[in-house]
Amino acid sequence: MEKKKDQGNTPSHTEKSADIIGGSEEIAEAIKNDITSKEDILLQPAVDRRILPNVPDKGKKRTNVDRRGISENMYNEDYAVSREKGETGQRYIVNYKIKIKIVKNGESDINLTSNCIDLSGSGISCGIPAKYRQSIENSDGVVLSFRIEPGTMPEGYEMKIKNLKAKWVRTYTNKSGEICCAFQFDQLLAQYVYKNRQFYMLAVASAFMFVICSFIILLRTDSVLYFSFNKMLYLYSILAATFLLTRYLFGAFYRPTPINPHFTPGVTIIIPCFNEEKWIKRTILSCVNQDYPTDKLEVVVVDDCSNDNSVEKIKETIAELCNEQGYDVKNRIHYHIQESNAGKREALAVGAGMAKHGLLVFVDSDSFLDPFAVRNIVQPFQDKKVGGVSGRTDVANTYTNALTKMQSVRYYIAFRMLKAAEGLFNAVTCLSGPLSCYRKDLVLKYSKSWLGQTFLGQRATFGDDRSMTNFILRSHRTDYQDSAVCSTIVPNTYKIFLRQQMRWKRSWLRESLIAATFMWKKEPFMAISFYMGLLVPMLAPIIVVYNLIYIPLSHRVFPLTFIIGIIMMALLMSVAQLILRRSTTWIYGIWFCLYYEAVLLWQMPIAWVTFWKSTWGTRMTSADINAIIRKKQKEGIANGKK
C-alpha cells in the first residue's frame, strides 16, 4: 500500500475556504444544505460468509459456481452460466408475508402464514412456528404464495407469486433465536416469472413497439409530403425521427463480445474519490471482489483531498481487506492522498502513473461493479485496434422515488440501445465514467493534453470521460460491452439532478463540437448518425418554440401532430424498456421524455452561454465552494446596501 499524505489533523478544504470570509460554521451549513439529498433505497444482499466470495482461491481452483442448491449437472460450466448461477443464487434480505401449504401424500391439510427472511432466484428462507417444524421436515414439499415488492429483488422480478412449489432443504435458528426453514424452488424463480408473465408482456410489448414505429414513420411521411411548405421544419422532423429509429434499429443488432476464458490481461482499477465517505467502501469491495486472476488485478484509490471522512473509510476498508487470507490483497490494493483538491482528471492521471498493468479500468467512487465486470470489459481488447471500452451502467437506487425510476429507464435505454448502436460501428463517443477501460499507453500518451485541456480559452474541469474518449477515438476504435455491468448512485432530488444535467450538457456541447472535427473519417453510417445526433438536440429548443408557441399564436393552429410525435417518441423508450428488461419501471420512460421536453430541453441554450463554468453542482469541489463564497459575499454586500 502507498500513501502520499495523511490529512487526519489538517483543516479541511471547506474550512479553509470558509475562513476566507469568516464564519466557517455558516459556510459549512450553507454547503451542507446545498448538497443535501434524500436517503437512497438499494437492494439488500444477504451477507456472504466471506468478504470476497467471487475472488478465485489460489491453489484451490475454485470455479465460483453457485453453491446454493443448483445442480452442477444442469449446465455445461462456462462463464456465462457461472454468472447466471451467481445471480440466481444471490440472496436478498426481505420482509414479506408468505402463505405456506404443507403437502403430505398429495394433500395439503396444513396452511400457515409466516414471514420471509431472505429470497434468491432458487430458494427462500422463512421463519416458522416451532410446532410446524416436524410437519415441514417430513413433508413431500410445500406450496408458497407471496408478493415480491419492488426494490427488494433485481428489476423484472416484482410480481405476485402464487402456488410456487418448493422442497424443504434445512432448518436453522437465526441470530434472533427464531426457527427458520430454507426451501428450494422446484423451478427457478426466473422460469416462473417468464412462464406466468414475461411471455405475455413480451408479445404485447413487441406488438406495441411495431405500432409505435409504424405511427412515427407515418408522421414523417407527412413531413415528406408537405416538405415544400416549410423545408427547415420538416427537414428537422425527418432527421430527428431517422436518428432515433436508426439508433434503436442498430442497437437491436448489437451483441457483446463473448468471453474468451484464456484472455485475462493485467488490469488496474483506478477509483478517483472526492467526498464519498458513504459509498467508497462498497465501491472498493466490488472492485476487489472480481472473478479474475488475483495476480492480474490491482486496485488504486486516489483521494482528491476530500473534506469529509473518505480517507478514513478508505484506510478502514483496506485494513479490513488485508485481514483476508489467500487473496494477496496487501500487494494488490494501494491508495494515494492528494495534497490539494486538483480535480478528477488529475486523480485519474495519478492513478494511471501508479498502475503496473497494461489496461486501466476507471470506476467512479459511487459505482459498484458486478463480480464479472472486469472479465467482460477486457474482451474487446483482443482487437488491437480497440483503445477503449465502455461498460453498462445501471441505477443502484432505482426504487428511491419517481425521479430515480425515471433515470433508471433513461440509463438502461441510453446504454443498451443508444450506446450499443455506436458500439456496433466501434465508435462509442463517450466511455462513461462509472465503468470504462482504456489501454494504459494511450492514457499516458494523452495525459498532458487531457490535463491541460482548454476550450475557447477556458480550462476544462469536467467531462473527463468524453474528453479522453475523443483523444482515443481519433486514432483507435472504441467499443461497448453490455455484459460488463456496474450500478451507480443517481441524484434523488430534482435540485441536484438538474445541476448534474447542466454539467453534462456543457461537457456534451464542448466535446461534441471537438468530435465533429474528425468523426467524418469514421464509418459512413456512424458519421451520419453522429452529425444528426449533434444537430437534433441543439436545434430542439428552437423547434419546440416554433411548434408550440409561434404556430398556435400566428396561425391559430393547435400543434396536435407535434404533440402526438413527442408522445410516440416517449412510448418508444418505455416499450423498449419493457421488452428488454420487463420491469414495472417502464412507465417512467414516458415521464422522462415529457420532463425532458418541459424542463431539460431548456438547459441547452443556457449551456451555450455558460460553457465556461467549472462548478460540478453535485459535490463541493473547489469551484463549487468558491461559488458559494462569492454568492454569500454578494448577499452580504446587498444586505449592507439595504
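Arg392 is found in strand β13, residues 386–395 (helices, H or I with at least four residues, and strands, E with at least two, are DSSP runs numbered from the N terminus). This is a predicted model, in which local features need pLDDT of at least 70 and side-chain atom pairs count only at pLDDT 80 or more, while totals for chains, interfaces and linings use all residues. Residues are numbered from 1 along each chain as its sequence is written, and side-chain values use heavy atoms, with hydrogens and water left out.

**Arg392 and its surroundings**

- With a relative accessible area of 12%, Arg392 is buried (buried means under 20% relative accessible area, exposed over 50%, and partly exposed in between, using a 1.4 Å probe and protein chains only).
- Setting aside neighbours within four places in sequence, Arg392 is in contact with Tyr412, Phe415, Tyr480, Gln481, Asp482, Ala484, Val485, Cys486 and Arg581 (contact means heavy atoms within 4.5 Å).
- Arg392 also forms a salt bridge with Asp394, and the closest N and O atoms are 2.9 Å apart (a salt bridge is a side-chain nitrogen of Lys or Arg within 4 Å of a carboxyl oxygen of Asp or Glu).
- Asp394 counts as buried too, at 8% relative accessibility.
- A network of salt bridges links Glu155, Arg392, Asp394, Asp482 and Arg581.

**Other salt bridges**

- The count of salt bridges comes to 16.
- One of them joins the side chains of Lys278 and Glu39, at 3.6 Å from N to O.
- This pair links distant parts of the chain, 239 residues apart: Lys278 is in the loop between β8 (267–273) and α7 (280–288), and Glu39 is in the loop between α2 (24–34) and α3 (79–89).
- Lys278 counts as partly exposed because its relative accessibility is 45%, and Glu39 counts as exposed because its value is 62%.
- Glu511 and Arg510 also meet through their side chains in a salt bridge, at 2.8 Å from N to O.
- Here Glu511 is buried at a relative accessible area of 2%, and Arg510 is buried at 5%.

**Aromatic rings and charges over them**

- The whole structure holds 16 aromatic pairs (rings of Phe, Tyr and Trp, the last by its six-membered ring, pair if their centres lie within 6.5 Å; planes under 30 degrees apart count as stacked, over 60 as edge-to-face and the rest as tilted).
- The rings of Tyr411 and Phe415 have centres 6.3 Å apart and planes at 20 degrees, so this pair is stacked.
- Both residues of the Tyr411 and Phe415 pair lie in helix α11 (residues 402–424), four residues apart, or about one turn of the helix.
- An α-helix has 3.6 residues a turn, so residues three or four places apart point the same way.
- Lys419 lies over the face of Phe415, 5.2 Å from the ring centre (a charge sits over a ring if NZ of Lys or CZ of Arg is within 6 Å of the ring centre and within 35 degrees of the ring normal).
- Elsewhere, the charged end of Arg282 sits over the ring of Phe368, 4.7 Å from its centre.

**Helix α13**

- Nine of the ten residues of helix α13 (residues 464–473) are buried, which leaves the helix mostly covered.
- The buried residues of α13 are Asp464, Asp465, Ser467, Met468, Thr469, Asn470, Phe471, Ile472 and Leu473.
- Those buried residues pack against α9 (344–354), β13, β14 (436–439), α12 (440–451), β17 (477–488) and α14 (494–515).

**Nonpolar cores**

- The largest nonpolar core has 41 residues, and those with the most contacts inside it are Val267, Ile269, Ile284, Leu369 and Leu435 (a nonpolar core is a set of buried Ala, Val, Leu, Ile, Met, Phe, Trp, Tyr and Cys residues joined through side-chain atoms within 4.5 Å).
- Leaving out neighbours within four places in sequence, the contacts of Val267 include Tyr292, Leu297, Leu359 and Val374.

**Cysteines**

- A search of the whole structure finds zero disulfides (a disulfide is a pair of cysteine sulfur atoms within 2.5 Å).
- Cys126 is in no disulfide, and the nearest cysteine sulfur, that of Cys116, is 4.6 Å away.
- Cys126 counts as buried at 0% relative accessibility, and Cys430 counts as buried at 7%.
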